[in-house]
Amino acid sequence: MASYKFLLALFLSILISSAIGERGPLRLSAEQQCRLQRLRAVEPTQQIESEGGRTELWDENQDQFQCAGVVAMRNNIRPNGLSLPNYHPAPRLVYIEQGQGYISITFPGCAETYEAYKVQRTRESEESWEKKQKGSVRDLHQKVHRIRRGDIIAIPAGAAHWCYNDGNEELVAVSINDLNHQSNQLDQKFRAFYFAGGVPKSAQQQQGEQSPFQNIIRAFDSQLLAEAYNVPEEIVKRMQGVEEERGLSIIVRERMSFIRPEEEQEQEQEQGTGQSSDNGLEETYCSMKFKTNIENRRKADIYSREAGNVIVADKNKLPILQYIDLSAEKGTLYPNALISPNWAMHGHTIVYVTRGDAQVEIVNHNGRTMMNDRVNKGSMFVIPQYYTSTARAGNNGFEWVAFKTTGSPMRSPLAGYTSVIRAMPLQVLTNAYQISPNQAQGLKVNRGGQSFLLSSGKRQY
């Protein structure tokens, strides 16, 4: 029996590696080789209106997004709106900017372990439970998760998912899709495979081209699908929705509710403190944690009382990020505070501004200023790997979310306590910059214990 479980776990690990994938050699075209002339903060250029909300897309053909190999999008789901089920050939990392709701990511081969009757029966008397279930439909489904502002959600390539807004305000989700990931064996164009809905024909006519978001069931022969599902053909024709123009999200007819564990139980399971009778398959794959919250400043990875804080979501906090090879951070800069000039040693950085403004500078290997602009809420820009960047917050402060095309982010600062300048001998600095030993010592220690985040204002030396 023990050997059987071992073989099952071994098979599963192979399945995970192939299904989720890891970043392999990049397939870069001439346009993607980071031959950049200019970097700038940009807004979404395409908008798709649907019954249940709005989908906004950044231009994937822009040089900076081609260099990073990503496509960025922002979904706005109205209250009682349902983002229709779909999957995509590249891994996606999502940040919930506003609102709350439910999400489910369906993994192949996992059991439908949530049964409405079973959970409700523990809370009601036998008699009232039986009355309530008369004439109802028994429902089994995979796990449904509560999501809220500040959540980072990892969606593996090929995993079907949907999202429902049960709140009183719009649910806003900003995400990137890593087209360079090994799991995407197609070309570098973004696409999604929907099980329902699709871009309305009126929107396609305005765009002047075929949309990459369509109902894949619509193209199949209805009799074939009726036989596959063993249902009447009329039901399949409803699934195909040929005449529907509702878009990528809809407003549901009645408010939806789902069977799910209490939030305390979810937290215990995520931390590994809850009791569980799962076998190896369920523990390593079917119950894999795929979200974490980066809104709580008490859990900051970098903290400065005078300058701000940074919270990181990497593979150490969310192990699934090791497989999709992505990560994220949420940063806050106080008014007029600075980010030390630094470069990313692993992966590109895609920055989305969530509040305030900042003056951002980015310099390339030629010593050329690629960007020296003020960025504002709602804009996005790319910092290519090894390009050196810095930022100064405006009078109202600056907040951002950065997506990174690596599961193990690492940066190297130029100024501050952990900087490369501080780590160098005085003689190297005095000869490199033609300055005195006292001046070189100032470069090394004048920021005291401050590191990545630097307070505002000039100091007396």
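Colleague: What percentage of the 461 residues of the protein chain count as buried?

Modeller: This is a predicted model, in which local features need pLDDT of at least 70, side-chain atom pairs count only at pLDDT 80 or more, and totals for chains, interfaces and linings use all residues. Residues are numbered from 1 along each chain as its sequence is written, and side-chain values use heavy atoms, without hydrogens and water. Buried means under 20% relative accessible area with a 1.4 Å probe, protein chains only. Of the 461 residues, the buried part is 47%.

Colleague: How many helices and strands does the protein chain have?

Modeller: Helices (H or I, at least four residues) and strands (E, at least two) are DSSP runs, numbered from the N terminus. By that count the protein chain has twelve helices and 26 strands.

Colleague: Among contacts between residues at least 6 apart in sequence, what percentage join residues at least 24 apart?

Modeller: Contact means heavy atoms within 4.5 Å. Taking the contacts in the protein chain between residues at least 6 apart, the part that joins residues at least 24 apart is 75%.

Colleague: Which residues have the most contacts inside the largest nonpolar core?

Modeller: A nonpolar core is a set of buried Ala, Val, Leu, Ile, Met, Phe, Trp, Tyr and Cys residues joined through side-chain atoms within 4.5 Å. In soluble globular proteins, nonpolar side chains tend to be buried together. The largest core here has 43 residues, and those with the most contacts inside it are Phe 65, Leu 93, Ile 153, Ile 176, Ile 350, Met 380 and Phe 403.

Colleague: What is Ile 350 in contact with, leaving aside its neighbours within four places in sequence?

Modeller: The partners of Ile 350 include Phe 65, Ile 176, Met 380 and Phe 403, which are also listed among the residues with the most contacts inside the largest core.

Colleague: Which residues lie closest to the centre of the largest cavity?

Modeller: On a 1 Å grid over the protein atoms alone, a cavity is a set of points where a 1.4 Å probe fits but cannot get out, and lining residues have an atom within 4 Å of a point. The largest cavity holds about 300 Å³ of space, a volume being the space filled by probe spheres set on the points, which are joined across faces, edges and corners. Of its 26 lining residues, the closest to the centre are Asn 75, Ile 77, Ser 83, Arg 92 and Cys 163.

Colleague: Which element gives the largest share of the lining of the second largest cavity?

Modeller: The second largest cavity has about 250 Å³ of space and is lined by 22 residues, with Ile 339, Asn 342, Val 351, Ile 383 and Ser 389 nearest its centre. Two or more lining residues come from each of β20 (338–344), β21 (349–363), β23 (380–383) and β24 (388–404). The largest share, seven residues, comes from β24.

Colleague: What is the volume of the second largest pocket?

Modeller: A pocket is an open set of points with protein on both sides within 12 Å along at least five of seven lines. Leu 82, Leu 84, Pro 85, Arg 246 and Ile 250 are the closest to the centre among the 29 residues that line the second largest pocket. Its volume is about 790 Å³.

Technical notes
Buried < 20%, exposed > 50% of the residue type's maximum accessible area, 1.4 Å probe, protein only.
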